[in-house]
Amino acid sequence: MQLSEERQFALSHLHIRRKSTQMSAGILIAFLLSIALNFISVCSLNSLEEALTRDISVVSQSQAQSVAPESLNPTFQEISEARTRLLIVGALLFAAVSFTAYRMMTVGPRVVAQEFWIRRMGDGDLDYKLDTSGSDEIAESSRALEKLRQRSIRVVRLNLVEKLSQDLQAKNEELEGVLEELRLRQEQAIFQQKLVELGELTAGVAHEIRNPLNFIENFAESSEELLEDLKESLKGIAGVMAEGTRDYIDEISQDIAYNMSRIRVHGDRADRIIRDMLSLGRDGGDFELTGINSLLREHALLAYRSVHALDNDFQLDIRENLDPRVGNVSVIPEDISRVFLNIVGNACYATGEKSRMLEDRDVEYAPTLWLTTERREDTIEISIRDNGGGIPDGVIDRIFNPFFTTKPTNRGTGLGLSLSNDIIRGHGGTITATSEFGEYTEMTILLPA
């Protein structure tokens with residue numbers, strides 16, 4: 001549409017507003033004036049010659065004598081030569097004006113074509129071009145325009161390449177985003193598979209433990225009943241027994257009853273632990289409002305007791321600074337419990353190893369764990385810090401990688417922190433680690449509030 005408007009705006013070849021047309025018109029007018037002047041001059045000379053001839057005849061008749069024509073030949077000859085010169089000048093002027101007008105008429109269309117070319121180029125049509133052959137100034141300007149067209153084509157190509165490069169960069173960024181999303185999906189799939197396998201293993205172990213535990217509780221309850229029957233039976237023969245023997249039997253009966261009650265208490269505790277293991281073994285769960293402070297406290301103690309059950313000499317001072325404003329947060333309790341167990345379990349291992357190492361050097365050391373929570377505007381910060389052996393600088397960037405562990409091969413699989421990282425990211429949060437080798441390790445968890 002724009003190009004057609006430009007074409008309509010272009011002046012016709014012989015338009016009066018064109019300089020070439022104005023020059024041609026001026027030359028034509030000058031030519032006509034010159035022809036008229038030449039014609040008038042020739043006519044004047046002819047008239048002068050006729051007048052002279054007539055006057056001579058009159059003079060000759062009036063004086064009754066003749067005038068010799070030979071005496072007037074130079075005058076007539078000059079008049080004839082003047083007329084010839086005027087005719088030659090007129091012919092030359094006609095030829096010059098005709099040539100100039102011809103040149104103007106031939107140059108004009110080329111100028112118009114060149115103007116139209118410039119307009120096409122200005123409109124972005126770089127495929128259009130004119131014939132640049134010739135040696136006049138129009139041909140030279142056409143060749144200059146052709147150079148400009150070629151440079152414009154190169155610039156357009158460079159701009160096109162730059163645009164394509166930008167589009168390619170945008171596509172690369174988009175593909176990187178898609179690749180990152182696919183990687184996250186893959187990690188989530190792997191994470192879900194890990195949880196399924198862990199859940200199956202934990203459920204199997206828990207059920208295997210629960211069976212003998214049920215027998216222990218049942219036998220303890222049955223033993224308490226038998227003990228009561230025994231006490232009733234002994235009352236019937238209490239009179240025939242010696243006083244010392246009766247007191248001894250009563251003391252033993254009380255000890256047995258106390259032991260049975262303790263067996264039942266610890267059996268109930270073991271049953272709660274098994275229920276926790278089964279809940280941890282499930283493949284996630286539903287989001288629900290959960291008290292983060294109580295969840296952190298309970299599972300920190302659970303992790304410590306698990307380690308203490310294996311090493312009775314291990315002691316851990318757990319210090320709490322829990323912000324009551326944290327309150328309840330929408331999380332999957334089973335998943336967050338796994339995170340707390342993994343991190344506190346690693347802290348127990350680190351402080352236990354450091355304690356054994358410093359004990360050999362006769363250095364006083366108290367394994368300590370700091371549990372801190374803080375509510376901010378839109379996040380919950382959970383900090384678990386220990387004064388264990390820390391993490392080397394070259395290792396800390398890899399601790400969340402699957403199957404990477406600093407523990408001996410028989411003590412860790414390298415999945416704990418990887419699973420914890422996946423769980424926290426699944427909750428829309430982040431988990432980071434800061435450490436100074438030989439001094440401390442602090443894991444910081446940020447969850448949406």
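Is Asp317 buried, partly exposed or exposed, and what is its relative accessible area? Asp317 is partly exposed, with a relative accessible area of 35%; buried means under 20% relative accessible area, exposed over 50%, and partly exposed in between (1.4 Å probe, protein chains only). The model is predicted, so local features need pLDDT of at least 70 and side-chain atom pairs count only at pLDDT 80 or more, while totals for chains, interfaces and linings use all residues. Residues are numbered from 1 along each chain as its sequence is written, and side-chain values use heavy atoms, with hydrogens and water left out.

**Figure 1. Overview of the protein chain.** The chain contains eight helices and seven strands; these are DSSP runs numbered from the N terminus (helices: H or I, at least four residues; strands: E, at least two). Of its 449 residues, 31% are buried. The accessible surface comes to about 28700 Å², and carbon and sulfur atoms account for 56% of this area; areas come from the Shrake-Rupley method with a 1.4 Å probe, and for residues only the protein chains shown count as cover.

Figure 2. Asp317 pairs with Arg319 at 2.9 Å, N to O, and Arg319 is partly exposed at 42% relative accessibility. Asp323 pairs with Arg325, with the closest N and O atoms 3.0 Å apart. Asp323 is buried, at 11%, whereas Arg325 is exposed, at 54%.

Figure 3. Glu180 and Arg183 lie three residues apart in helix α4, about one turn of the helix. Their salt bridge brings the closest N and O atoms to 2.4 Å. Both partners are partly exposed, Glu180 at 34% and Arg183 at 33%. Val178, Leu179 and Leu182 form a nonpolar surface patch with about 290 Å² of accessible area together. Patches are made of residues with over 30% relative accessible area and no salt bridge; like charges are joined within 9 Å, and nonpolar side chains (Val, Leu, Ile, Met, Phe, Trp, Tyr) within 5 Å. Leu182 belongs to helix α4 (residues 137-236) and is exposed, at 52%.

**Figure 4. The largest nonpolar core.** A nonpolar core is a set of buried Ala, Val, Leu, Ile, Met, Phe, Trp, Tyr and Cys residues joined through side-chain atoms within 4.5 Å. The largest one has 39 residues, and Ile382 and Phe340 are among those that touch the most other members. Helix α7 gives the most to this core, with eight residues. Contact means heavy atoms within 4.5 Å; leaving aside neighbours within four places in sequence, the contacts of Ile382 include Leu296, Phe340 and Ile445.

**Figure 5. Ser420 in helix α8.** Helix α8 is mostly covered, with eight of its eleven residues buried. Ser420 lies in this helix (residues 416-426) and is buried, with a relative accessible area of 0%. Its side chain makes a polar contact of 3.3 Å with the side chain of Asn342. A polar contact is a pair of N or O atoms within 3.5 Å; within protein, one must be able to donate a hydrogen and the other to accept it, and residues adjacent in sequence count only if both atoms are side-chain atoms.

Key: Salt bridge = Lys/Arg side-chain N within 4 Å of Asp/Glu carboxyl O.
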